[in-house]
Amino acid sequence: MAFLEASYDNKNWFALPTPNRDNFSPTYTHLEKSYRDANGGFHRDIIRRNLAKVVVGWARLNATEMALLQNIYNQNYVYLKFTDNYGNRVTKKMYAGPLDGKTRYADKKTYLLSVRTDVQMNFIEY
């Protein structure tokens, strides 16, 4: 069993790269539609409470691992297995947030990117 596992169909599971020890955070958030009215009053409408949110970061990813994360980002949703704040192994239907990172090394002959660092992605319950 991997630290993080994902599936497109909730049947065939594959391991995600292991995140940095200091950059994995299962949290909870809520979906809201907040706005200010014409008088400047703030209205906070909570649409859905306690959505799981998993913030993940990696230090060194190769091209294959980065392509896997890019493919997950391109999906409408993915199933994610992770350990929540209560110590339970849970499966949630999630969508992937922005995939950010820096390229550390590039091959000067082929221009292929070899190592990505400071890669960040979050998963939010669908």
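What follows is a short chat about the chain shown above.

Me: What kind of model is this, and how are residues numbered?
Reply: The model is predicted, so residues are numbered from 1 along each chain as its sequence is written, local features need pLDDT of at least 70, side-chain atom pairs count only at pLDDT 80 or more, and totals for chains, interfaces and linings use all residues. Side-chain values use heavy atoms, with hydrogens and water left out.Me: How many helices and strands are in the chain?
Reply: One helix and eight strands, where helices (H or I, at least four residues) and strands (E, at least two) are DSSP runs numbered from the N terminus. The order from the N terminus is β-β-β-β-α-β-β-β-β.

Me: Is the chain spread out or compact?
Reply: The chain is more spread out than a compact globule, because its radius of gyration is 17 Å, well over the 14 Å that the globule rule gives for 126 residues. That radius is taken over C-alpha atoms, and the rule is 2.2 Å times the number of residues to the power 0.38. Along the principal axes, the C-alpha atoms fill a box of roughly 60 × 35 × 25 Å.

Me: How much of the chain is buried?
Reply: 30% of the 126 residues; buried means under 20% relative accessible area, exposed over 50%, partly exposed in between (1.4 Å probe, protein chains only).

Me: Changing topic, what is the phi of N50?
Reply: N50 is not a glycine, yet has a positive phi of about 55°. N50 sits in strand β4 (residues 42-58) and is exposed at 58% relative accessibility.

Me: And D118? Which strand is D118 in?
Reply: D118 is in strand β8 (residues 113-125). D118 has a positive phi of about 50°, again without being a glycine, and is partly exposed at 43% relative accessible area.

Notes
Heavy atoms only, no water.
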